[in-house]
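These are my notebook entries on a structure that I looked through piece by piece. I wrote down what I looked up and what I found.

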Amino acid sequence: MEIFGIPHQAFLGQLLLGLVNGAFYALLSLGLAVIFGLLGIVNFAHGALYMLGAFAAWIMLDKFGINYWMALLLAPLTVGALGVVIERLFLKHLYKIDPIYGLLLTFGLALIAEGIFREMYGVSGQNYDVPELLSGATNLGFMVLPNYRAWVVGVSLSVCLGTWYLIERTRLGAYLRAGTENAALVQAFGINVPLMVMLTYGAGAALAALAGVLAAPIIQVNPLMGSNLIIVVFAVVVIGGMGSIMGSILTGLGLGVIEGLTRVFYPEASSIVVFIIMVIVLMIRPAGLFGKEA
Amino acid sequence: MKLKTLIASMAVGFAAAASAQGTGPVKIGFITDMSSVYADLDGPAGGEMVKWAAQDFGGKVLNRPIEVVTADHQNKADIASAKAREWIDKDGLSMLIGGTNSGTSLAMAKLAEEKKRPFFSIGAGSARLTNEACSPYTVHYAYDTVALAKVGAAALVKAGGKNWFFLTADYAFGHSLESDASTIVKANGGTVAGTVRHPLNASDFSSFLLQAQSSKAQVLALANAGGDFSNAMKSAKEFGILKTMKPIGLLVFITDVHSLGLSNAEGLQVADSWYWNQDDASRKFAKRFFDKYKRMPTSVQAADYSAASNYLKAVQTAGTTDADKVMSTLKSMQIDDFYNKGQIRADGRMIHDMYLYQVKSAKESTTPWDYYKMIAKVPGEQAFTSAADSKCALLKK
């Protein structure tokens, strides 16, 4: 059996690989969506935070012998703490002014972080081995899937759904959403809104770092790894609808699959297909697929 | 007022001419990618090699001090040629060296021809520099895509790797590597099972590699460089593709192998012009480099040193920095140093031996950076485009 001229089995394989990449897009765009939704900041430092997560894992292993499993927890915590510092030092002064300042500031921070790591570690990238427990591959019949990739999909989907549940279905999430609508009123009910906003940015940063740790064994840990990815992730957020949590998860997965299939049918276009879709979506639904029309 | 302006501009003109030919310093300009994808294989350390060459020459030539200036072209041809133009017009630059990136080298070669300055291209791959786009002032020093393809591909096909699949970076450099290598594969009785062209800085290679695997080809040829190459190799290992396919990197530097680690790069075949551990003189140079940078030099960095020091020798012999005289000295002298032995042909191609290396396994590697074993040495006349095949008019005289 053939689908669009390629064997059925190869097609299934490519579909699955697309899903793996989509899981990264989902995890990264989720963080962006949370930060934009609750803080109104277009976080251009997201790619850099992702890179920092990967580097944190690599440094922990290389310098301190901290293994992958510990890094999976410690790297996001470290980068999340850095996020809290960034929010306290810089971002909190920007909430009341034009969003363009937040964009410029975070973009500048990203350039600084990249520059520092480029200076320290060069551009060739560092190798991070797949942890012992997840090395090897499973034969699914239609393809041989490395166990690590299956793990990545599992972790990112659980984290994405967990975050969605936290924000949309719990009391804490309700406070957060109310805080963005009317901070003064929520404050009046005795809730510490600035603390909540600060922790939200920290959590967004930690999500990016988690994606970085997950990526470290798959690609070379490189100071430029974030800037290669961030533009695509922004397109994902725009397509999904700025600020929509579920929208960014579903769009991330969907676009990963579409991009994966483009890699088979017309590989040269695989790096732009996401942007073509973005243009079409913006023409038909300017607020994005899952965004609320203003 | 008009007269004053005229005198002033004449004075400026004379000053510039004086510094170009007179008693001022002999200026060497070095332009490369200092901060982006190719910065590790050349970059600031490459600039330092040119400075070392000047120091080791005694810091002076023809009783004039040697001065080295460097700049970052950010992989943009317009920045490279604008900077070079500024150096030549304002500072009376005597010679220009272009590091990595073919686009920038082609632009600088054109400028150097217009301004009549010797131009050494070191890390650029494009064979056009001494073929369709050749110039009397260009020297292409280290390697080119034709030599990489001939050295790497021919040996592998002869060893039984008949059926090839190309994973190609989708831009000029990748295309020319792929087409040069396919020509060699076919000429040696091999076949090309398929090609997939991936965008530059692709985020993930697994999908492309799955296509390579289903082609059932024996050889996985990576016609890409830097981060794309490393990530492709890493995924190939992860997906178990290296169990059935033999990988060949068409442009790989030792820094790439180091960054991948021997566990990922083991068995890879690599064509290159120089390896730090090839003889005593090279090891001596490498040790000096290592002491400063804590890593081993690439062939490009060794070639930066060699090119600058041979230029200075030519200036000394010619007794002038006049471009035409220096170029004719360069083309008539024998080049013989730790980097390589050879001669610069009339089209500017430095003809020297090329090598095919295989990356050692972790077991075979006994010391840090002990990565390559040589499996073939290809004489320069066989490695590079032959004079008969070249379209360069300078060879047809």
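How many residues does helix H9 of chain A have, and what does it reach from its first C-alpha to its last? Before answering I noted that this is a predicted model, in which local features need pLDDT of at least 70 and side-chain atom pairs count only at pLDDT 80 or more, while totals for chains, interfaces and linings use all residues. Residues are numbered from 1 along each chain as its sequence is written, and chains are lettered from A and ligands numbered from 1 in the order in which they are written.

**Entry on a helix of chain A.** I found that H9(A), residues 225-240, has 16 residues and reaches 23 Å, close to the 22 Å expected at 1.5 Å a residue (the expected span is 1.5 Å times one less than the number of residues). Helices are DSSP runs of H or I with at least four residues, and strands are runs of E with at least two, both numbered from the N terminus. I then looked for a bend, and H9(A) has a kink of about 25 degrees centred on A:Ile231, where the bend is the angle between axes fitted to the seven residues ending there and the seven starting there. Of the 16 residues in H9(A), 13 are buried, meaning that 20 or more other C-beta atoms, placed from the backbone, lie within 10 Å of the residue's own. Just after the helix, A:Gly241 takes a positive phi of about 110 degrees.

**Entry on strand S4 of chain B.** Which way do the residues of S4(B), 95-98, point? B:Met95 and B:Ile97 point one way, B:Leu96 and B:Gly98 the other, and all are buried. S4(B) pairs in the parallel sense with S1(B), residues 26-32, over 4 bridges (two strands pair if DSSP finds at least two bridges between them). B:Leu96 is the bridge partner of B:Gly29, and in S5(B) the bridge partner of B:Leu96 is B:Phe119. S4(B) and S5(B), residues 119-121, run parallel and are joined by 3 bridges.

**Entry on an open sheet of chain B.** I followed 3 strands in the order S12-S13-S14, with antiparallel pairing. The edge strands are S12(B), 335-336, and S14(B), 350-352, each pairing on one side only. Between S13(B), residues 341-344, and S14(B) I noted 3 bridges, and B:Gly342 stands opposite B:His352.

**Entry on chain B as a whole.** Chain B has 14 helices and 16 strands, and its C-alpha trace spans about 75 × 40 × 40 Å along its principal axes. Buried residues make up 57% of its 397 residues.

How values were computed:
A residue is buried if 20 or more other C-beta atoms lie within 10 Å of its own, exposed if 12 or fewer, and partly exposed in between; C-beta atoms are placed from the backbone.
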